[in-house]
Amino acid sequence: NTNMRMFGSVDLLVQVKISEMNVEIGDAPKPNISRLATTCDLFDKVAATSEANYVALSLLRDELYGAIYEGYGDSDLEELHRSAPSLKRAKQLSSFTPFQADRYA
């Protein structure tokens, strides 16, 4: 993975990408769709590179995404996870509709 070679560790990669995200979105209110997409993309990287608990992290990721994004698990999103480069995946994740609890209350 190019990102891993460039940063040397997942910890450093996550720290740098979160700092970049904070600069990019500035004072945008929380929750924020860009923050959500970037965080989910970074969670994917941690899960994919973890030797310990890989299966548990992958299952938790799928459950978390299913709780956050409407339609998660659809073939389009599954294909996105398998094929899209990281930056494209984060941008496309931000186009999915997050679950809105007030619509279901």
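Biologist: Is Tyr54 buried, partly exposed or exposed, and what is its relative accessible area?

Modeller: One thing first: this is a predicted model. In it, Tyr54 has a relative accessible area of 42%, so it counts as partly exposed. The cut-offs behind that are under 20% for buried and over 50% for exposed, with partly exposed in between.

Biologist: Okay, and where does Tyr54 lie?

Modeller: Look in helix H4, which covers residues 54–68.

Biologist: Let's zoom out for a moment. How many helices and strands does the chain have?

Modeller: Six helices and zero strands. Going from the N terminus, the elements run α-α-α-α-α-α.

Biologist: And what share of the residues counts as buried?

Modeller: The chain has 105 residues, and 29% of them count as buried.

Biologist: Back to H4. At what angle do H3 and H4 pack?

Modeller: The angle is about 160 degrees, and the axes are 9 Å apart. Because of that angle, H3 is roughly antiparallel to H4. For reference, H3 is made of residues 33–49.

Biologist: Is their crossing left-handed or right-handed?

Modeller: H3 and H4 cross in a left-handed way.

Biologist: Is Asn53 buried or exposed?

Modeller: Asn53 is exposed, because its relative accessible area is 56%.

Biologist: New topic: charges. How many salt bridges are there in the whole structure?

Modeller: A search of the whole structure turns up four.

Biologist: Which residue forms a salt bridge with Asp44?

Modeller: Arg61 does, and the closest N and O atoms of the two are 3.5 Å apart. This pair links distant parts of the chain, with Asp44 in helix H3, Arg61 in helix H4 and 17 residues from one to the other.

Biologist: Are those two buried or exposed?

Modeller: Asp44 has 5% relative accessibility, so it counts as buried. Arg61 is buried as well, because its relative accessible area is 16%.

Biologist: What can you tell me about the salt bridge of Glu20?

Modeller: Its partner is Lys17, and the N to O distance is 3.5 Å. Both sit in helix H2, which spans residues 10–25. They are three residues apart, about one turn of the helix.

Biologist: Why do Glu20 and Lys17 count as partly exposed?

Modeller: It's down to the relative accessibility: Glu20 is at 42%, and Lys17 is at 25%.

Biologist: While we're in H2, what about Gln15 there? How far is its C-alpha atom from that of Leu42?

Modeller: Gln15 is in helix H2, and its C-alpha atom is separated from that of Leu42 by 9.9 Å. Along the chain, Gln15 and Leu42 are 27 residues apart.

Biologist: Is Gln15 buried or exposed?

Modeller: Gln15 has a relative accessible area of 52%, so it is exposed.

Biologist: Last one: where is Ile68 found, and how far apart are the C-alpha atoms of Ile68 and Thr97?

Modeller: Ile68 belongs to helix H4. The C-alpha atoms of Ile68 and Thr97 are separated by 8.4 Å, while the two residues are 29 residues apart along the chain. Ile68 itself is buried, because its relative accessible area is 16%.

Methods: Residues are numbered from 1 along each chain as its sequence is written. This is a predicted model: local features need pLDDT of at least 70, side-chain atom pairs count only at pLDDT 80 or more; totals for chains, interfaces and linings use all residues. Side-chain values use heavy atoms; hydrogens and water are left out. Helices (H or I, at least four residues) and strands (E, at least two) are DSSP runs, numbered from the N terminus. Buried means under 20% relative accessible area, exposed over 50%, partly exposed in between (1.4 Å probe, protein chains only). Axes are lines fitted to C-alpha atoms, for helices over the stretch in contact, and angles run from 0 to 180 degrees between N-to-C directions. Angles under 35 degrees count as roughly parallel, over 145 as roughly antiparallel, 65 to 115 as roughly perpendicular and the rest as oblique. A crossing is left-handed if the near helix is turned anticlockwise from the far one by less than a right angle, and right-handed if clockwise. A salt bridge is a side-chain nitrogen of Lys or Arg within 4 Å of a carboxyl oxygen of Asp or Glu.
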